[in-house]
Amino acid sequence: MELSEITPVAQDYLKVIWSATEWAGAAITTTGLARRMGTTAPNVTDTLRRLASQGLVEYTPYRPVALTTLGERYAVAMVRRHRLLETFLVTSLGYRWEEVHDEAERLEHAVSDTMIERISALLGHPEADPHGDPIPSATGKVHRPPGAAPLADVSQGEYVVVRVSDSDPGVLVRLSRRGVAPGAHLRAAAGGVVRPGRGGGHPTGLTAEEVGAIWVVPAGPTT
């Protein structure tokens, strides 16, 4: 069985199951999948049973879902498609970073592997999408920034933004207006306050929701 032989719904499920744990999250449950997929728990259960019969997931009722080796390979392939398409839409077609998720969701099921590899070559084989999420390589390798942590969890100091979650387009719009994107410098100050980082220019007063969307790494020493 090849990736093209499973349904778009199955492809989406595999991608969502994999993505749930990508940034140190907990394995997703049936309830979580129902919420993420916009459907009911019984429908999710039926789908998971089909995926299990295809050897793509390990499913036990009332327990989180796990991918099999084959399921993970297909999930990573779908993530690669999605993030390369998001990058192409932003860099080549002028989309804003809050616009690309839904568009890529529609396109990723239609493009061929050949087109994806040509897009990757055209873009110079990028390693991250516009939100900072790593783009898996053609062989399935995923390279996350070492030392990355949620901004909400770090101690006082200077940091560089490496990832902004794309789960809420409204947050992306607000952070874009504030100049907060991968590569931006922020300073975590006392009391959880986020201030402009090295070089300045970033507004203070980020909301808890905005802070929760940001992942950072420690800034290197100045030169």
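Which side chain makes a polar contact with the side chain of K15?

## A buried lysine

The model described here is predicted. In this model, the side chain of E108 is the partner of the K15 side chain, and the polar contact between the two is 2.5 Å. K15 belongs to helix α1, which covers residues 8-20.

Is K15 buried or exposed? Its relative accessible area is 6%, so K15 is buried, the cut-off for that class being under 20%. Leaving aside residues up to four places away in sequence, K15 touches A75, M78, V79, H82, E105 and E108.

## Helix α1 against helix α4

Two packed helices are described by the angle between their axes and the distance between the axes. For α1 and helix α4 (residues 69-93), the angle is about 90 degrees and the axes are 8 Å apart. Angles of 65 to 115 degrees count as roughly perpendicular, and therefore α1 is roughly perpendicular to α4.

K15 is one of the α1 residues in this contact, together with Q11, L14, W18 and S19. On the α4 side the contact is made by G71, E72, Y74, A75, V76, M78, V79, H82 and R83. Sorted by class, the contact of α1 with α4 has seven nonpolar, four polar and three charged residues.

## Helix α2 against helix α3

Helix α2 (residues 30-37) packs on helix α3 (residues 41-53) at an angle of about 105 degrees, and their axes are 9 Å apart. That angle makes α2 roughly perpendicular to α3.

Which residues of the two helices meet? From α2 they are T30, L33 and A34, and from α3 they are A41, V44, T45 and L48. The contact of α2 with α3 has five nonpolar and two polar residues, and no charged residues.

## A buried aspartate in a loop

D133 is found in the loop between α6 and β3. With a relative accessible area of 3%, D133 is buried.

The side chain of D133 makes a polar contact of 2.9 Å with the side chain of W23. When residues up to four places away in sequence are not counted, D133 touches W23, R83, E127, A128 and R163. R83 is also among the α4 residues that meet α1.

## Two residues with positive phi

Most residues other than glycine have a negative phi. Y62 is not a glycine, yet its phi is positive, at about 70 degrees. Y62 lies in the loop between β1 (57-58) and β2 (66-67). Its relative accessibility is 85%, and because the cut-off for exposed is over 50%, Y62 counts as exposed.

H125 is another residue other than glycine with a positive phi, near 55 degrees. H125 lies in the loop between α6 (113-122) and β3 (149-150).

How many residues does each domain give to the contact between domain 1 and domain 2? The domain assignment of the protein chain places domain 1 at 1-144 and domain 2 at 149-218. Their centres, taken over C-alpha atoms, are separated by 26 Å. Domain 1 gives nine residues to the contact and domain 2 gives 13 residues.

R177 is found in helix α7, residues 169-177. R177 counts as exposed because its relative accessibility is 69%. From C-alpha to C-alpha, R177 and T60 are 44 Å apart in space, and in sequence they are 117 residues apart.

Notes:
Residues numbered from 1 in each chain as written. Predicted model: local features only at pLDDT ≥ 70, side-chain atom pairs only at ≥ 80, totals over all residues. Heavy atoms only, no water. Helix = DSSP H or I, 4+ residues; strand = E, 2+ residues; numbered from the N terminus. Buried < 20%, exposed > 50% of the residue type's maximum accessible area, 1.4 Å probe, protein only. Axes fitted to C-alpha atoms, helices over the stretch in contact; angles between N-to-C directions. Parallel < 35°, antiparallel > 145°, perpendicular 65-115°, else oblique. Contact = heavy atoms within 4.5 Å. Nonpolar A, V, L, I, M, F, W, Y, C, P; charged D, E, K, R; others polar. Polar contact = N/O pair within 3.5 Å; in protein donor to acceptor, adjacent residues only side chain to side chain. Domains from an automatic or database assignment.
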